[in-house]
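Subject: Structure handover

Hello,

Here is the structure for your files. My notes on it follow below.

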Amino acid sequence: MADNQRPGEFELIARYFAPIAGPGGLGLLDDAGLLRPGRGYEVVVTADALVAGVHFFPDDPPDAIGWKALAVNISDLAAKGAKPEGFVLTLALPRGWTEGWLAGFAAGLARMAEAAGCPLIGGDTVSTAGPLTLSITAFGTVPAGRMVKRSGAKPGDVVLVSGSIGDGALGLKAHGPDKPDWVAALGTEDRAFLADRYLHPQPRHALADALQRHASAAMDISDGLVGDLAKLLKASGVGAEIDLDAIPLSGAARAALMAVPALAELAWTGGDDYEILCTASEIECPALIAAAEGKMLLLTPIGRISDEAGAVTYREKGEARGFAQGSFSHF
């Protein structure tokens, strides 16, 4: 379709985004959306921006970009114990966008919205001379006073992580244009698994209720386990002792580490996992793990909270070790 034949803003919204909207979106015909939290509930709000060339490759599949854009926000809500209720989207389209690209983006966005039960309720669509940029603000609800904060970890608590760690960072290497030599050493299925974990992160929203009932602190792992743990410990004013050998790895990640053992540091410090990092008391920990298993999800204990604020001891095969870089940083 030629530039002068492209749909206008309102036609574009009606064609690609109105079908994703829930009742609170009012058909995307108004200037705002509407949320109605139940009596005794509070609203949890999170926002994430994604920029082409920074958070994803410009030639990534558009459906994967749409999926990931919402998934990273759903992951934040999950870590707070919040039930997703709706989201707003700001989309800045660069010159040269096509309806085919937009249709794919909307399809990926719709699949994540349906999977998480989090409909579109509004937003804005503009053009830009810069790279593709999008921002999502998502809303969730929790019973009053039950949001799981970063600041609740206490000495003696167990430290746990969901799923497997390192797939996102390794998947970025397996998917990117400049693939390191170790990628070729992996089998086709392992390469595809890691790339998909990077392209289609799986937010653990099914854990929200269990975290709300049993966790003392939680956050999602977006910038790497080591760096994100440091943030949680700082917010809680505590330290930790972590057994690196206990950190759960997927079969594909293990294959990568077998090829190049030094990749372990990338797995532990790299970003894009979108798993849950949480703490629970000795008493609550078994119930938390059991609740996760009831949702067909794995929560693995990897250490303990200590009382020395900010001090973290990492042990690998019984030996203390450190890291050259704690996590991904934008600045």
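What covers the buried residues of H4? The cover includes helix H5 (181–184), H6, helix H9 (251–259) and helix H10 (263–269). The buried residues of helix H4 (residues 167–175) are Asp 167, Gly 168, Ala 169, Leu 170, Gly 171 and Ala 174. Buried means under 20% relative accessible area, exposed means over 50%, and partly exposed is in between (1.4 Å probe, protein chains only). Helices (H or I, at least four residues) and strands (E, at least two) are DSSP runs, numbered from the N terminus.

Ground rules first. This is a predicted model: local features need pLDDT of at least 70, side-chain atom pairs count only at pLDDT 80 or more, and totals for chains, interfaces and linings use all residues. Residues are numbered from 1 along each chain as its sequence is written, and side-chain values use heavy atoms, with hydrogens and water left out.

Overall build

The chain holds 11 helices and 11 strands. Its radius of gyration (over C-alpha atoms) is 20 Å, which agrees with the value near 20 Å for a compact globule of 331 residues, by the rule of 2.2 Å times the number of residues to the power 0.38. The C-alpha trace spans about 65 × 55 × 35 Å along its principal axes. Of the 331 residues, 50% count as buried. Contact means heavy atoms within 4.5 Å. Among contacts between residues at least 6 apart in sequence, 88% join residues at least 24 apart.

Cores

A nonpolar core is a set of buried Ala, Val, Leu, Ile, Met, Phe, Trp, Tyr and Cys residues joined through side-chain atoms within 4.5 Å. The largest has 40 residues. Phe 17, Phe 87, Leu 89, Leu 91, Leu 102, Phe 105 and Leu 109 touch the most other members. Elements giving two or more residues to this core are helix H1 (9–17), strand S1 (41–51), helix H2 (62–79), strand S2 (83–94), helix H3 (99–116), strand S4 (133–143) and helix H6 (188–199). H2 gives the most, with nine residues.

Take Leu 109. Leaving aside neighbours within four places in sequence, Leu 109 is in contact with Phe 17, Ile 20, Gly 66, Trp 67, Leu 70, Phe 87, Leu 89 and Ile 136. Another core, of 36 residues, lies apart from the largest one; Val 183, Val 238, Leu 244 and Ala 252 are among its members.

Residues to look at

Lys 68 lies in helix H2. Lys 68 is buried, because its relative accessible area is 4%. Beyond its neighbours within four places in sequence, Lys 68 is in contact with Leu 50, His 55, Tyr 198, Leu 199, Pro 201, Asp 272 and Tyr 274.

Tyr 274 sits in the loop between H10 and strand S8 (275–280). Tyr 274 is buried too, with a relative accessible area of 10%. Its phi is near 55°, a positive value in a residue other than glycine.

Met 296 also has a positive phi, near 60°. Met 296 is in the loop between helix H11 (285–294) and strand S9 (299–306). At 74% relative accessibility, Met 296 counts as exposed.

Ala 103, in helix H3, is partly exposed at 32%. The C-alpha atoms of Ala 103 and Gly 187 are separated by 32 Å, and the two residues are 84 apart along the chain.

Best wishes
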